[in-house]
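Let's take a walk through the place where two chains meet. Have a look at the model first, and then we can go through the contact step by step.

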Amino acid sequence: MNQPTASRVEQPLPEARGRLDRILRSELWRPGRWVNIGLPYFWLLLFFFLPFVIVFQISLAEPLVAQPPYSALLEWMDDSVLQVRLNLGNYVLVWEDELYRDAFLDSLWVALVCTFLCLLIGYPMAYGIATAPERWRVPLLMLIVLPFWTSFLIRVYAWIGILKNNGLLNNFLMGLGLIDEPLTILHTPLAVYIGIVYSYLPFMVLPLYANLSRLDLTLLEAAADLGCRPWRAFVRVTLPLSLPGILAGSLLVFIPAVGEFVIPDLLGGPDSLMVGRMLWTEFFSNKDWPLASALALVLLALLVVPFVALQRWQTRLGGES
Amino acid sequence: MARLEDREPIALEAWQDPRAKPYVRIEGVSRRFGEVLALNSVSLDIYQGEFFSLLGGSGCGKTTLLRLLAGLDRPSSGRIWIDGADVTDIPAYRRPVNMMFQSYALFPHMSVEANVEFGLRQEKMPRAERAERVGEMLDLLHIGELRKRRPDQLSGGQRQRVALARSLAKHPKLLLLDEPLGALDKKLREHTQFELVKLQERIGITFVTVTHDQEEAMTMSSRIAVMDAGQIVQVDTPTGIYEFPNSRLVASFIGSVNLFDGKVTAREGDEVLVAGEGGLTMRMRCLQPLALGTPVAVAVRPEKIRLCNECVGPGENRVTGQVQDIAYLGNVSIYHVQVSPERVVTMTLANIHSRTEQTLTWGQEATMEWSPVCGVVLTD
């Protein structure tokens, strides 16, 4: 099919007609191209940029007891003066108040630990699935994805039933005689870790699987042939080659985990200070929309910076190879 | 097997010397993949310094055999010895063997240098010595200027050199090559073939190579094992395989051949008379004791058939027909001559004269002949 097209293009056209023909056939005129490029931009504009601008605007306002509960940035004064009131107080507060700083640090730490745990658990899982016999792979992947068929909220609630003092876990351990009195897990940081690792594990396993299943197994054979024991071959070949998968999985776990609200709220104790929860409190309990918006934007900035750095690093790696 | 070599053998080759100890001994090795018997009780001796080729079509078991030698796979039964040690149960990473993979299997995340160095690092070789060896290997294969590049910045030919350098870096006593030249274009392939042979003569490694390319096997090998359906059909020197194939299969796998079916009708000294189809009588040299009436095939290579303009009437080893097709290859031309409605004989003639002066053309009658020593009588 390609050949006739190619020969048509190659046919020498008279000079003038050739130029016209080129212009008419140029990519610019193909409407499909514009739809193709425009649609995602439109989508981003409508559902990302616009909300972002709105939140940013609210973060510079002052809270009011009104509808909407924040002051306007632009106001007409009597003598046709447009007054702009930008309140940076929210950012100053977020920066200076230890409560918020701790909440951010706490969230980053919890997310970091959970990402690491997910990697620790998810890597062997992904590796196992990627190296399983062909006919086992789809069922095993199904098992990873299956929990998604239940609502996230319900799955987190289910952990309450498992972790509570007379829950499944404690009853099981006491039934075995391993412990005499129930372990207090629910409403402790441990429960938050368990909940986050459980919920986000698939986001680690899937990209890792996608990466590891593409691994050329002859590379491992080559390593063995050159005198490399299996464990060293893993460290020197498999691990470095799966780095893109590790990065992708880690970001997919880390980013939502930082802002996680439901899990610390349901499983964590009252002293759990994750920023997602704080946001919720400011927004709904304290009705301080501007402060909540400022918190949200600082959170966004905290996540964008490492993300962009990683992206840069990856493209640099890609550029080198 | 009868061998018609004019020159006196000066020294026995290792495989002819009953006292020689094989470097690699494969004894009754089978490999089964589920229901499929990929290797069926293969036995083979390979001697030090040989350039040994495993030749066969795809699925004949040649790669399986190579992988068993490398230790990347275990035989279902049988034993393998390398340098006098039974290595059947020794994993790949402890064998004194290196392999060059068909896909080259270069580590994509490492530079050329790091790839070549990889095996040496596993040996815990001191840094200075390592650097020296890497430099030596890069020089040997003329890839010094590529040392900092990554595999995906290399051309096919360059990758192949890097793969070869990597597999040679540890100075293995036995080097396995899986279709080493498969991915190269013809020109580069021929060039590399000679380089490989030169290299082998220089560093005295035993090479075992797998190939489906008979020309490659012919050029490079000291000996060739022709494989089919998990078994070795014939092991011999390239000359032996080409001139004295032991079966129709080998005869037609290596080069092209005219096979004339017939029955043995008489024996005269070390020659037999074979009656073929269409009244063709053939007189062939044959040292094998064959009973009269044995169905055989006479195999004659196209270049062993000569044009006989002065021949008149029927005679032994003589066929007449019409030229149907001529393939001009520059140095030689291949003629397809229709000698009977269902029989075409292929003849290759060197183009001694320039093309314009060629006498034999399409539709012309040609009488062809061959000598009794220029072919073999096959029973298989």
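Seven residue pairs, both members at pLDDT 80 or more, are in polar contact across the interface of chain B and chain A in this predicted model. On the side of chain B that touches chain A, helix H1 (62-70), strand S6 (97-100) and helix H2 (112-122) each supply at least two residues. H2(B) gives the most to this side, with four residues.

How much do the two chains cover up? The size of an interface is often given as the accessible area lost when the parts come together. Here chain B and chain A bury about 2,100 Å² between them, with 58% of it on carbon and sulfur atoms. Within chain B, the residues that lose the most area to chain A are B:Tyr93, B:His109 and B:Gln122, together 29% of what that side buries. Counted by residues, the contact takes 26 from chain B and 19 from chain A.

Now zoom in on a charged pair. The count between the two chains, B and A, is one salt bridge. A:Glu221 forms a salt bridge with B:Arg67, and their closest N and O atoms are 2.6 Å apart. On its own chain, A:Glu221 sits in helix H10 (residues 217-225) of chain A. Is A:Glu221 buried or exposed? A:Glu221 counts as buried because its relative accessibility is 18%, and the cut-off for buried is under 20%. Leaving aside neighbours within four places in sequence, A:Glu221 is in contact with B:Arg67, B:Leu72 and B:Phe101.

Conventions: Residues numbered from 1 in each chain as written. Chains lettered and ligands numbered in written order. Predicted model: local features only at pLDDT ≥ 70, side-chain atom pairs only at ≥ 80, totals over all residues. Heavy atoms only, no water. Contact = heavy atoms within 4.5 Å. Buried area = accessible area lost by both parts, 1.4 Å probe. Salt bridge = Lys/Arg side-chain N within 4 Å of Asp/Glu carboxyl O. Polar contact = N/O pair within 3.5 Å; in protein donor to acceptor, adjacent residues only side chain to side chain. Buried < 20%, exposed > 50% of the residue type's maximum accessible area, 1.4 Å probe, protein only.
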